[in-house]
Amino acid sequence: MKRKLVFATNNAHKLEEVSEIVKNTIDILSLKDIACEEDIAETGTTLEENAFIKVRYIKDNYDYDCFGDDTGLEVEALDGAPGVYSARYAGDGHDAQANMEKLLQEMQGVSNRKARFRSVIALVLEGKEYQFEGIVNGTIIEEKRGEKGFGYDPIFVPEGYDKTFAELGNEVKNNISHRALAVKALCDFLNTL
């Protein structure tokens, strides 16, 4: 029997991506499904803090077991930036295009293009808290390529590939991405219970 869990996100892209990855393990309830209209403020200074802020909020206010994630793009030459501020790197508008433009501008003339996507998943289940992580290494290219994906996908080429996440498409991305790895760790854990 599939376990029912709330996924604490308002990001429709994330909801769709994760739902596809977990379809055989978790029956996902969205925030809309539980009538949660709030935009949960991510006030943490780390990915871990933000992931736990979301799940604790849902548990405390709606009493559902749930999981939530926070993801950041960490660029080596920028000392790990944008990191926890990836979604609002160019301002509070969560504007993916503006975020990419700002990053590409800051990377002009920089030879070290190494970066990694890191996802942290927090889980509150039956009164206990758990954490899972997924990391994919890669490089930042100099101009956007591809139409699929979201966020920084058009400028990130994962290690071992010559295409961006936005060119690889969901079928490949959902097997190799940072979020996919963290979600698989979550599913593997749930399958042991």
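Student: Which residues does H178 touch, not counting residues up to four places away in sequence?

Tutor: Contact means heavy atoms within 4.5 Å. By that criterion, H178 touches T71, F117, R118, S119, G134, I135, V136 and F165, with residues up to four places away in sequence not counted. H178 itself lies in helix 5 (residues 178-191); helices (H or I, at least four residues) and strands (E, at least two) are DSSP runs, numbered from the N terminus. Please note that this is a predicted model, in which local features need pLDDT of at least 70 and side-chain atom pairs count only at pLDDT 80 or more, while totals for chains, interfaces and linings use all residues. Residues are numbered from 1 along each chain as its sequence is written, and side-chain values use heavy atoms, with hydrogens and water left out.

Student: Is H178 buried or exposed?

Tutor: Buried means under 20% relative accessible area, exposed over 50%, and partly exposed in between (1.4 Å probe, protein chains only). H178 has 2% relative accessibility and therefore counts as buried. N174, in helix 4 (residues 165-176), is also buried, at 11%. Its contacts, again without residues up to four places away in sequence, are E17, E20, I21, A180 and K184.

Student: Why is strand 5 described as largely enclosed by the rest of the structure?

Tutor: The description applies because 10 of the 12 residues of strand 5 (residues 114-125) are buried.

Student: What is the sense of pairing between strand 3 and strand 5, and over how many bridges do they pair?

Tutor: Two strands pair if DSSP finds at least two bridges between them. Strand 3 (residues 66-75) is antiparallel to strand 5, with 10 bridges, and G68 stands opposite A122 of strand 5. Strand 5 also runs antiparallel to strand 6 (residues 128-140), to which 12 bridges join it; here K114 faces T139 as its opposite residue. Strands 5 and 6 form a hairpin with two residues between them, and E126 in the turn has a positive phi of about 50°.

Student: How many disulfides does the structure hold?

Tutor: A disulfide is a covalent bond between the sulfur atoms of two cysteines. The criterion is a pair of cysteine sulfur atoms within 2.5 Å, and the structure holds zero disulfides. For C36, the nearest cysteine sulfur is that of C66, 9.7 Å away.
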